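I opened the notebook to go through one model. The entries below follow the order in which I looked things up.

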Amino acid sequence: MNSRLFPVVVLFLVTAFLIGPFFIIVAASVSGGETLAFPPQGLSLKWVAKVFQVESFRESFAMSMLLAIGGTGAALVLGIPASYALSRYRLPFGETIRTVVALPIIVPGIIVGLALLRYLVVPFRFNITLALFLAHTALVLPYAVRVVSASLNNLRSDIEEAAVLLGSSRAGAFFRVVMPNIRSGILAAFILGFVTSFNQVPVSLFLSGPGVRTLPIDMLSYMEITYDPSVAALSALLAFMSIGIVFIAERFLGFSRYV
Amino acid sequence: MSNTAFLSLEKLTLAYGDTVAVKDLDLSIRQGELVAFLGPSGCGKTTTMRSIAGLLRPQSGRISLDGADITRVAANKRSVGLVFQSYALFPHLTVFENVAFGLRLKGLSGTELESRVDAGLKSVGLTSFAARKPAELSGGQQQRVALARSMVMEPKVLLLDEPLSNLDARLRLEMRAELQRVQKETGVTMIFVTHDQGEALSLADRIVVMLNGAIEQIGTPEDIYNRPASAFVADFVGFENIFAIENGRLRAGNGPIELAMPLPHDAAGLAWRPRMVTLGSGPFQGTVRGAAFSGSTREYLLDTPLGALKAEVDAAAPAHSAGTTLAFDLPVEKAAKLERFN
Ligand SMILES: Nc1ncnc2c1ncn2[C@@H]1O[C@H](COP(=O)(O)OP(=O)(O)OP(=O)(O)O)[C@@H](O)[C@H]1O
Ligand SMILES: [Mg+2]
C-alpha cells in the first residue's frame with residue numbers, strides 16, 4: 001500500500017471506530033420497532049418520549065446527578081488545597097503523595113467498588129449512598145488534582161507575595177489572587193470530574209441497593225429485562241448532554257488545554 | 001535626611017536549609033536615603049531584601065525599622081513595599097485595580113480610593129492605561145504599574161529588586177530618571193538591587209557592595225568608584241590592573257617588582273585603572289600584545305614583567321602596533337590602596 005495513504009486510512013478507521021457507535025445509538029433510538037435494533041425499523045420519537053416516563057430512570061438520573069455534582073464538588077474541596085500544597089511547598093514525600101493521589105486512575109473501579117462493598121457496606125451496614133459518594137469523590141480526585149495543578153503551575157507564585165506585602169494575609173492572598181486566576185482550571189476540572197463520575201459503571205456496580213442506583217447501572221438492569229430502544233434513546237440523550245457540556249467548556253475555557 | 005538609623009540590620013543571618021545565603025550582615029540606612037545593593041549573582045541581594053520585607057525569616061539577627069524591632073512582624077504589617085523583578089502584577093485585575101489592591105485592604109473606597117489611585121497612576125504617567133489588563137502593557141509600563149502599586153501604600157521603605165534589568169537600554173535610562181524623581185518627590189527610603197555598577201553609581205546616595213553573603217564595602221558612589229576597599233570591589237568598578245603587596249613589594253607574575261616609590265604600609269594591594277598607567281615613559285618595559293581603538297581613546301594590552309597590563313591613552317596620541325616595546329610607569333600616588341586583597 002502507498003506509504004502516505006496508510007496512516008490516513010488508519011486514522012479514518014480509528015475515527016470511525018470511535019464515533020461509529022454514537023451514530024448507531026442515535027439511529028437505534030429513533031427506531032419505530034419494538035426491540036433494540038440496527039438498522040432502525042421505521043422512524044419514531046416514541047422511545048425518546050418513553051425515557052422520560054420510566055420512573056426508575058428519573059430516580060437514578062437524579063442520583064447520578066447528585067453524585068456527579070456532590071462527588072466532584074467534594075473532590076475539588078479536597079483537591080484544590082492539595083494541589084496548592086503540592087505545587088507551592090516542597091513537601092516531604094511530595095512525589096509519593098502525588099502518586100497515591102493518582103492511584104484511583106490505575107486501580108480498576110471494579111476492585112474499588114467490591115472493596116467498599118465487602119469491607120465497608122456489608123460489615124458496618126454503611127449507608128450505600130454515602131459509600132457511593134465516597135467512591136465517586138475518590139474517583140474524581142486525581143482528575144481534580146491534575147487539572148488544578150496544571151493551572152497552578154502556570155501561575156507565578158510571586159503574586160501571592162505581592163498581595164501579602166500590600167497588606168493581605170496568606171489566606172486572603174489565596175482567595176484574592178490565586179483563586180481568580182485558576183478559575184477556568186477549576187471549572188475545567190469540574191466538568192471533567194462531572195462527566196467521569198456520571199459515566200462511571202464499575203465502581204457503582206457493587207454499590208446499589210433498594211432505591212439507590214446510578215443511571216448507568218439502572219440502564220444495565222433495565223436492558224436485562226426490557227430490550228426496547230429506550231435505552232438507546234437515553235444513551236443518545238446522555239451523549240448529547242456530555243457533548244454539549246464539553247463543547248461549551250471548549251468554547252469558553254479552551255477546555256482541551258487542561259485535559 | 002537625619003543621621004540616625006531608620007532601617008537597621010544587625011548580625012543578620014539567612015539560610016535556605018543548610019545553605020547559608022547571608023551571614024552576620026550589619027547595615028544601617030538613614031531615612032530618605034537611596035541605597036543600591038550591588039554584587040554578583042548569588043551574593044545574597046534578593047535574600048537580604050526578602051528578609052527586610054518579611055518574606056523570609058532570618059536564622060538569627062535583628063531588623064529594626066523606624067524605631068521598632070520588626071524581626072518577628074508579619075510581612076503584611078511592616079509597611080515595606082517591594083517591587084519584584086518580574087513585576088508580579090495581578091493578571092486578572094486591571095491596572096486601576098492592581099494599584100487599588102492594597103488601598104482597598106486598608107479600607108479605602110469611593111472617591112478617596114479613586115483619587116489616591118489616580119494620583120499614583122499619574123505619577124508614573126499611566127492615567128490613560130487604567131482600564132487595561134497587565135498582559136496588554138509593555139514591560140516598562142508593567143514596571144511603572146508595579147511601582148505605583150507599591151508607592152500608593154506610602155511604605156516606610158521601598159525595595160526594588162533589579163527594577164531595570166528587564167528593560168531595554170533606552171527604557172532603562174528613562175526609568176532610572178523616573179525612580180530618582182519619585183524618590184526625590186516623596187522622600188521615601190529606597191533600596192534597589194542591581195548588577196550594573198553604572199546604575200548604582202548614577203542613582204544611589206550610598207552603595208552596598210556584597211560578595212558571598214557579606215558586605216564587601218559600603219560607601220558613597222565616589223568612595224566606591226575612587227577608593228575601592230578590596231580587590232573585588234576594584235575589579236567591579238573597572239580597575240583592571242590589580243596587584244597584591246607582599247613584603248613591601250608588588251606581587252607579580254615573574255616574582256616581586258620594585259617600584260620607584262615606597263609602597264604604603266597599610267595597603268594589602270594597589271590598583272590602577274587603565275587610564276592611570278603612564279605610557280611612553282617610566283622605568284618599566286612592556287610589549288604591545290593588542291590594541292583597541294574606541295573613538296576617543298586607545299587601549300593597549302601589554303606583556304610586562306608584572307604580567308598582562310591594560311593601559312589607556314587619548315586617541316590623539318600616536319598609535320603603536322603589536323610587538324612594539326614601550327616604557328611605562330605605575331604611579332603609586334594615583335593608585336587605589338586596597339585594604340583587603342581577595
Ligand atoms: N529558594 C532557595 N533555596 C535554596 N537556595 C537559595 C534559594 N534562593 C537563593 N538561594 C541561594 O542563596 C544564595 C543567595 O541568593 P540570592 O537570590 O539572594 O542572590 P542574588 O544576589 O539576588 O543573586 P542574583 O543577582 O542572581 O539575583 C545563592 O547562593 C542561591 O543559590
Ligand atoms: Mg536576586
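**Entry 1: the ligand shell**

I began with the residues around ligand 1. They divide into three nonpolar, six polar and two charged.

A note on conventions before going on. The model is predicted, so local features need pLDDT of at least 70 and side-chain atom pairs pLDDT 80 or more, while totals for chains, interfaces and linings use all residues. Residues are numbered from 1 along each chain as its sequence is written, chains are lettered from A and ligands numbered from 1 in the order in which they are written, and side-chain values use heavy atoms, with hydrogens and water left out.

Which residues surround ligand 1? I listed Tyr16(B), Ala21(B), Ser41(B), Gly42(B), Cys43(B), Gly44(B), Lys45(B), Thr46(B), Thr47(B), Glu162(B) and His195(B). A residue is near the ligand if one of its heavy atoms lies within 4 Å of it. Helix H1 (residues 45–53) of chain B gives the largest share of this shell, three residues. Helices (H or I, at least four residues) and strands (E, at least two) are DSSP runs, numbered from the N terminus.

Next I checked polar contacts (pairs of N or O atoms within 3.5 Å; within protein, one must be able to donate a hydrogen and the other to accept it, and residues adjacent in sequence count only if both atoms are side-chain atoms). The side chain of Lys45(B) has an N or O atom 2.7 Å from an oxygen atom of ligand 1. For Thr46(B), a polar side-chain atom lies 2.6 Å from a ligand oxygen. For Thr47(B), the corresponding distance is 2.4 Å. Taken alone, ligand 1 exposes 630 Å², and the protein buries 62% of that. Accessible areas come from the Shrake-Rupley method with a 1.4 Å probe; for residues, only the protein chains shown count as cover.

**Entry 2: salt bridges**

How many salt bridges does the structure hold over all chains? I noted 26. The criterion is a side-chain nitrogen of Lys or Arg within 4 Å of a carboxyl oxygen of Asp or Glu.

In chain A I looked up Lys50(A) and Asp228(A), whose side chains meet in a salt bridge at 2.8 Å, N to O. The pair links distant parts of the chain, 178 residues apart: Lys50(A) sits in helix H2 (residues 46–51) of chain A, Asp228(A) in the loop between helix H10 (215–225) and helix H11 (230–253). Lys50(A) is partly exposed at 23% relative accessibility. Asp228(A) is buried at 5%. Buried means under 20% relative accessible area, exposed over 50%, partly exposed in between (1.4 Å probe, protein chains only).

In chain B, Glu33(B) forms a salt bridge with Arg206(B), with the closest N and O atoms 2.6 Å apart. Here 173 residues separate the partners: Glu33(B) is in the loop between strand S2 (19–30) and strand S3 (34–38), Arg206(B) in strand S9 (residues 206–211). Glu33(B) is buried at 0% relative accessibility. Arg206(B) is buried too, at 16%.

I also found a network of salt bridges that links Arg144(B), Arg170(B), Glu174(B), Glu178(B), Arg181(B) and Glu185(B).

**Entry 3: strands of chain B**

Two strands pair if DSSP finds at least two bridges between them. S9(B) and strand S10 (residues 214–219) of chain B run antiparallel, joined by five bridges. Val208(B) has Ile218(B) as its bridge partner in S10(B). Their hairpin has two residues between the strands, and Asn212(B) takes a positive phi near 50° there.

Strand S14 (residues 278–293) of chain B is joined to strand S17 (residues 325–329) by six antiparallel bridges. S14(B) also pairs with strand S15 (residues 297–304), antiparallel, over six bridges. In that hairpin, with three residues between the strands, Gly295(B) has a positive phi near 100°.

I then traced an open antiparallel sheet of four strands, in the order S12-S11-S13-S18 (chain B). Why is one side of strands S12 (249–250) and S18 (336–338) of chain B left without a neighbour in the sheet? Both stand at the edges, each with a single partner strand.

**Entry 4: chain A overall**

Chain A has eleven helices and zero strands. Its C-alpha trace spans about 70 × 60 × 35 Å along the principal axes. Of its 259 residues, 42% count as buried.

Notes:
Ala, Val, Leu, Ile, Met, Phe, Trp, Tyr, Cys and Pro count as nonpolar, Asp, Glu, Lys and Arg as charged, and the others, Gly among them, as polar.
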